[in-house]
Amino acid sequence: MRIAFLGLGHMGLPMARNLAATGHAVTGFDVFEGAREAARSAGLPVAESATDAAATADVVITMFQSGRQVIDAYTGVEGSAGLLSVAQPGTLLIDCSTIAVDEAREAHALAEASGHRSLDAPVSGGVVGAENATLAFMVGGTDDDFEAARPLLEAMGRRVVHCGEAGLGQAAKVCNNMILAVSQIAVAEAFVLGERLGLSHQALFDVASNASGQCWALTTNCPVPGPVPTSPANRDYQPGFAGALMNKDLGLAEQAIALTGVDARMGMLAREIYRDFAAGPGAGQDFSGIIKTIREDA
Ligand code: NAD
């Protein structure tokens, strides 16, 4: 298959390389020359423009920072041609960026109105998952389009879940990350409370990891050094999953909460806590570093 891979940043370049390694004809493009240069050095063919890459592709994959960038690339800005107008009719557009549910639905509607097929397919697993092709994909769109995309997604990831119709991949991503934010804060608060009560980190870990407090934020991303040697706490909270990205995802959760009117008080509190965290050095630290703020404030 001829694949245009647009957005060759931290995630996009390793994903494009993994796809190319399976024998597909992958042509990349990024608006940033540094990213194009890195792609060339990695042996990936690079097009002159996004529309050049898309005009001859069977599949167009986008991996951008924001929903605005996705919609602008689809429609074109200030009179320039967009991907939707240059792509062959029936091209499959797969957006892997993390964007708001309503933006994803808008992107689907625009693609459909132009006679194309489309999927939202955000990922979790971070840069390490992108490099090792172990990402998890959460996909929204029709059954047929999902089946067409599945082999490509499997070349870049380990778990591919069809979550339902257009936008529901993003919905799954935003809901999962809201659980993660709330549980990471709860685990960090429990460790600080335990410290003040004289409880050792190991004793609390041994109890909670085998009891009803068990969760990923405790058993994989343990916010104190020691009990889980691979957790970011053991390397001074180097990410991992950076506070800035958690803050971004909680902003998308906030949009979804506003859209639906759900009384998500814990989610909104987590959104506030991580907005403050990401306004300082926390932006570049793993989000489990929130424990330092909780400890300082105690
Ligand atoms: P990044 O900033 O490193 O890469 C995005 C790239 O898209 C940039 O190089 C930018 O120049 C390019 N771009 C923007 N508009 C473009 C256009 N019209 N045409 C071509 N290129 C364009 O970001 P990233 O870390 O690779 O993340 C990408 C997406 O994946 C984001 O939505 C992010 O939230 C999500 N995500 C990231 C991680 C992570 O750990 N980095 C994990 C899960 C999900």
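Modeller: Start with residue classes: Ala, Val, Leu, Ile, Met, Phe, Trp, Tyr, Cys and Pro count as nonpolar, Asp, Glu, Lys and Arg as charged, and the others, Gly among them, as polar. By that scheme the shell around the ligand holds 10 nonpolar, 8 polar and 3 charged residues. This is a predicted model, where local features need pLDDT of at least 70, side-chain atom pairs count only at pLDDT 80 or more, and totals for chains, interfaces and linings use all residues. Residues are numbered from 1 along each chain as its sequence is written, and side-chain values use heavy atoms, with hydrogens and water left out.

Colleague: Which residues come nearest to the ligand?

Modeller: A residue is near a molecule if one of its heavy atoms lies within 4 Å of it. Of the 21 residues around this ligand, His 10, Met 11, Asp 30, Phe 64 and Gln 65 come nearest.

Colleague: Which polar side-chain atoms lie 2.8 Å or 2.7 Å from an oxygen atom of the ligand?

Modeller: A polar contact is a pair of N or O atoms within 3.5 Å; within protein, one must be able to donate a hydrogen and the other to accept it, and residues adjacent in sequence count only if both atoms are side-chain atoms. Here Gln 65 has a polar side-chain atom 2.7 Å from a ligand oxygen, and Lys 248 has one at 2.8 Å. Phe 64 uses a polar backbone atom, 2.8 Å from an oxygen of the ligand.

Colleague: How much of the ligand does the protein cover?

Modeller: Accessible areas come from the Shrake-Rupley method with a 1.4 Å probe. On its own the ligand has 830 Å² of accessible area, and the protein covers 87% of that.

Colleague: Why does the ligand lie between the domains?

Modeller: Domain bounds come from an automatic or database domain assignment. Domain 1 (2–166) and domain 2 (171–297) both give residues to the shell, so the ligand lies between them.
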